[in-house]
Amino acid sequence: PANDREQQIARLDWDGLRDSVAGCRACALCQERRQAVLGVGDTAADWLFIGEGPGAEEDLRGEPFVGPAGKLLDAMLAAIDLQRGENVYIANAVKCRPPGNRTPEAAEMATCAPYLRRQITLIQPRLIVLLGRAAAHAVLGDVGSLASLRGQTFKYREADGSATGIPVIVSYHPAYLLRTLQDKAKAWEDLCRARTLLHTATTS
Ligand code: URA
């Protein structure tokens, strides 16, 4: 049953998690992926960025955000003095590439959520940044438009609904920003707010 699977995943260490994701056949996305993409970075990071799902390049290389959107994400990180792998972990709502890079379905994100939740628990980030509406949907539940989510600060909730102290914010997905350059400044504002949030949480 689904619950057994969730409980098993909730007990995995990083090696177990990597193996489990690599061999996962829990939804149909496994049929067309080349490889599952767990995540990359510092497993004790303060910052956790969560995207939607692997694209073509990620599916080939086994690392999140290594294609064009990833280049922009790296620039976004640099703007707040962060670097991939240094105090930063990058993951996705789904670990397998949706065919043709379509948006993952709610059921696919729900099936993959125990993996993401386990990553969050193992990392214990000080801040979670959700990139785009799909990531927001996966982590916060079915919650309004991106415009209504930006600027708010949520608290990460465990699968059973219990609140943690981990702040969560939502910003634009870098692939969207590549198409909509005029919103870039707003994404930068979000990142600056994120940095302030993290520093406030760290020093209080
Ligand atoms: N877009 C995402 O959401 N995630 C990736 O890893 C790459 C592109």
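UniProt, in an unreviewed entry, puts a "domain: Uracil-DNA glycosylase-like" feature at residues 38–192; UniProt positions follow the numbering used here, feature names are shortened, and annotations may be inferred rather than shown by experiment. What you're looking at is a predicted model, where local features need pLDDT of at least 70, side-chain atom pairs count only at pLDDT 80 or more, and totals for chains, interfaces and linings use all residues. Residues are numbered from 1 along each chain as its sequence is written. Over residues 38–192, the chain is 41% helix and 20% strand, with its end C-alpha atoms 27 Å apart. Helices (H or I, at least four residues) and strands (E, at least two) are DSSP runs, numbered from the N terminus.

Now for the ligand. There are 13 residues around the ligand, and Gly51, Glu52, Gly55, Pro64 and Phe65 come nearest; a residue is near if its C-beta atom, placed from the backbone, lies within 6 Å. By type, that shell splits into 5 nonpolar, 6 polar and 2 charged residues. Here Ala, Val, Leu, Ile, Met, Phe, Trp, Tyr, Cys and Pro count as nonpolar, Asp, Glu, Lys and Arg as charged, and the others, Gly among them, as polar.

Next, a bit of backbone geometry. Most residues other than glycine have a negative phi. Aspartate 81, though, has a positive phi near 60°. Aspartate 81 sits in the loop between helix H4 (68–79) and strand E3 (88–92), and it counts as exposed because it has 9 C-beta neighbours inside 10 Å. The cut-offs are 20 or more other C-beta atoms within 10 Å for buried, 12 or fewer for exposed, and in between for partly exposed, with C-beta atoms placed from the backbone.

Glutamine 124 also has a positive phi, near 50°. Its loop lies between helix H5 (106–123) and strand E4 (127–131). With 13 C-beta neighbours inside 10 Å, glutamine 124 counts as partly exposed.
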